[in-house]
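Subject: Structure for you to look at

Hello,

Here is the structure I promised to pass on. Please open it first, then read the notes below with the model in view.

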Amino acid sequence: MNSEFTIAVHSLVYLAYLPERMAPSEAIAENVSTNPARIRKVMSCLKRGGYVDTREGAGGGYRLTLDPAVVNLADIYRLMAQGSVIPSWCSGNPDMDCVVGSNMREVMNGIFCKAEKQLEAYFGGITISDVLGQIKECDNC
């Protein structure tokens with residue numbers, strides 16, 4: 001899982017929390033605890049995906065373009081981190097003269113693909129509004 005997914009979810013939840021649903025990258029960065037350049041990179045992806053829009057000038061920033069009750073984490077995962085469960089390297093070699101070594105890569109790839117599909121299905125049942133609701137229910141908030 002990459003941190004851009006977490007930053008994207010956090011940013012969208014923060015925008016959903018704001019009454020005007022608009023904030024500059026500096027305010028989002030402060031809330032996420034990262035730098036504004038990193039926020040702008042993530043927000044650029046979210047903008048291309050149609051989740052946020054920008055307004056220039058005084059009082060400008062990023063704003064949510066969709067109802068947070070319809071944006072689910074699977075949508076954001078597919079945009080920001082799809083494939084991140086699957087490792088970039090897997091052990092074994094298909095040319096090995098060993099049943100384990102020659103088949104490990106293919107078998108593990110199938111396992112990771114199935115895990116990612118299950119993760120996406122789980123994320124599909126959680127909306128940005130759901131995350132905000134859980135935050136509002138926190139005892140220590």
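Predicted model: local features only at pLDDT ≥ 70, side-chain atom pairs only at ≥ 80, totals over all residues.

D53 has a charged partner. Its salt bridge is with R63, and the closest N and O atoms of the two are 3.6 Å apart. D53 sits in strand β2 and R63 in strand β3, so the pair ties together parts of the chain that are 10 residues apart in sequence. R63 is also partly exposed, because its relative accessible area is 35%.

One joins E4 to R38, with 4.0 Å between the closest N and O atoms. This links distant parts of the chain, as R38 is in helix α3 and E4 is in helix α1, 34 residues apart. The other joins E4 to K41, again at 4.0 Å from N to O. Through shared partners, E4, R38 and K41 form one network of salt bridges.

Next, the sheet. It is open, has 3 strands in the order β1-β3-β2, and its pairing is antiparallel. β1 and β2 (52-55) stand at the edges with a single partner strand each, so one side of each has no neighbour in the sheet. Between β2 and β3 there are 4 bridges, in the antiparallel sense. Within this part of the sheet, T54 stands opposite Y62 of β3. Helix α3 packs on the sheet, where it touches β2 and β3, and the direction of α3 makes about 115° with that of β2.

Now the inside of the protein. The largest nonpolar core has 35 residues, and F5, L15, I28, L46 and I76 touch the most other members. At least two residues of this core come from each of α1 (3-17), α2 (25-32), α3 (36-48), β3 (61-64), α4 (73-80) and α6 (128-136). The most come from α1, which gives 9.

Leaving aside residues up to four places away in sequence, L15 touches R21, M22, A23, I28, M43, V52, Y62, R63 and L64. Note that R63, the salt-bridge partner of D53, is in that list.

Finally, look at α2. Which of its residues are buried? They are S25, I28, A29 and V32. Seen down the helix axis, the buried residues of α2 fall within an arc of 100°, so they line one face of the helix. The elements that cover them include α1, β1 (22-23), α3 and β3. Just past the end of α2, S33 has a positive phi of about 70°.

Regards

Key. Residues numbered from 1 in each chain as written. Heavy atoms only, no water. Core = buried A, V, L, I, M, F, W, Y, C linked by side-chain atoms within 4.5 Å. Buried < 20%, exposed > 50% of the residue type's maximum accessible area, 1.4 Å probe, protein only. Contact = heavy atoms within 4.5 Å. Arc of directions from axis to C-beta. Pairing = 2+ DSSP bridges. Axes fitted to C-alpha atoms, helices over the stretch in contact; angles between N-to-C directions. Salt bridge = Lys/Arg side-chain N within 4 Å of Asp/Glu carboxyl O.
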